[in-house]
Amino acid sequence: MASTVSFTVDSPQGLRTVEVSYERTGVGAPLVLLHGIGHHRQAWDPVLRILAAERDVIAVDLPGFGASPALPHGLAHDLRTMVPVLGSFFEALGVVRPHVAGNSLGGLLALELGREGLARSVTALSPAGFWTPSERRYAFGVLRAMRGAALAMPVPLIERLSRSSPGRAALTSTIYARPGRRSPAAVVSETVALREATGFRQTLEAGSGVTFADDVPGVPVSIAWGSKDRLLPRRQGVRAGRAIPRARLVRLPGCGHVPMNDDPAAVARVVLDTSR
């Protein structure tokens, strides 16, 4: 069941109140889960039960996505802002240096949190930031096209498409290698989340100059990449390994850009192994 927490953060115009929606379940050491751009916390549903058996799992709707409103005026949807916002979120929940796992944008945020000493361990699944300029332009073009399609389709059409395997593939095959495994309700929910993401444009614009080139010292890091990632090709994982030489690199056979749905057991195993 979703909860909401509000907290204040500094901005150039003074204190601003941020509201974040999240779901918390399980027992053990705290583990925060961060989704990708245009998605929502339910992206982690396929692995939530497995992780919650051993971790106190906190699945987050990032500001401007899912049930979390966009950041208030004066706060940008960029890394410089989002990392301290998430740090304040941890404080609001009484969580000190949790383990963090993230996918895509969430993977980049997880790495930044690790670099800033705000995470105990980092699992990054197809993290953003290891692209060449041409790869970034391609990915952003695909994301804009997905957003445009979601905005153009009325909800009844989305619901109708979700009822068949070909329809679910048409809606989600860019991010899933096995879209037929996603339930019709989940496909509708995430397509609507993409069209209603108030932070999408600002977040995408802020990412235009982002690259991750520094190490994440003193923190266990695993970087996992799906072999069938169509958005951020797995060769970017090689660059990630060069930037973070002590990171454990994991190949996820048969998985797409959002691997939690394609192979929940493999993804859960990577997250749990990293967060020991």
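Tutor: Helices, of at least four residues, and strands, of at least two, are runs assigned by DSSP and numbered from the N terminus. The model under discussion is a predicted one. With these terms in place, let us consider the loop that runs between strand 6 (121-125) and helix 4 (133-152), where Ser 126 is found. The phi angle of Ser 126 is positive, at about 45 degrees, even though this residue is not a glycine. That deserves attention because most residues other than glycine have a negative phi. Is Ser 126 buried or exposed? Its relative accessibility is 0%, and since buried means under 20%, Ser 126 counts as buried.

Ser 104 occupies the loop between strand 5 (99-103) and helix 3 (105-115). Its phi is also positive, near 60 degrees, and Ser 104 is likewise not a glycine. With a relative accessible area of 8%, Ser 104 is buried.

Let us now follow the chain from each loop into the helix named beside it. Helix 4 contains Glu 135, whose partner Arg 235 lies in helix 9 (residues 235-243), 100 residues away. Glu 135 is buried, at 8% relative accessibility, whereas Arg 235 is partly exposed, with a relative accessible area of 49%.

Helix 3 takes part in another such contact. Arg 115 forms a salt bridge with Asp 214, and here the closest N and O atoms are 3.1 Å apart. Because Arg 115 lies in helix 3 and Asp 214 in the loop between helix 8 (200-206) and strand 7 (221-226), the pair ties together parts that are 99 residues apart in sequence. Arg 115 is partly exposed, at 27% relative accessible area, and Asp 214 is partly exposed too, at 46%.

Finally, how many salt bridges does a search of the whole structure find? The search finds 12. One further example joins the side chains of Glu 54 and Arg 276, with an N to O distance of 3.1 Å. This pair links distant parts of the chain, 222 residues apart: Glu 54 sits in the loop between helix 1 (45-52) and strand 4 (55-61), and Arg 276 in the segment after helix 11 (264-274). Glu 54 is partly exposed, with a relative accessible area of 37%, while Arg 276, at 64%, counts as exposed.

Conventions: Residues numbered from 1 in each chain as written. Predicted model: local features only at pLDDT ≥ 70, side-chain atom pairs only at ≥ 80, totals over all residues. Heavy atoms only, no water. Buried < 20%, exposed > 50% of the residue type's maximum accessible area, 1.4 Å probe, protein only. Salt bridge = Lys/Arg side-chain N within 4 Å of Asp/Glu carboxyl O.
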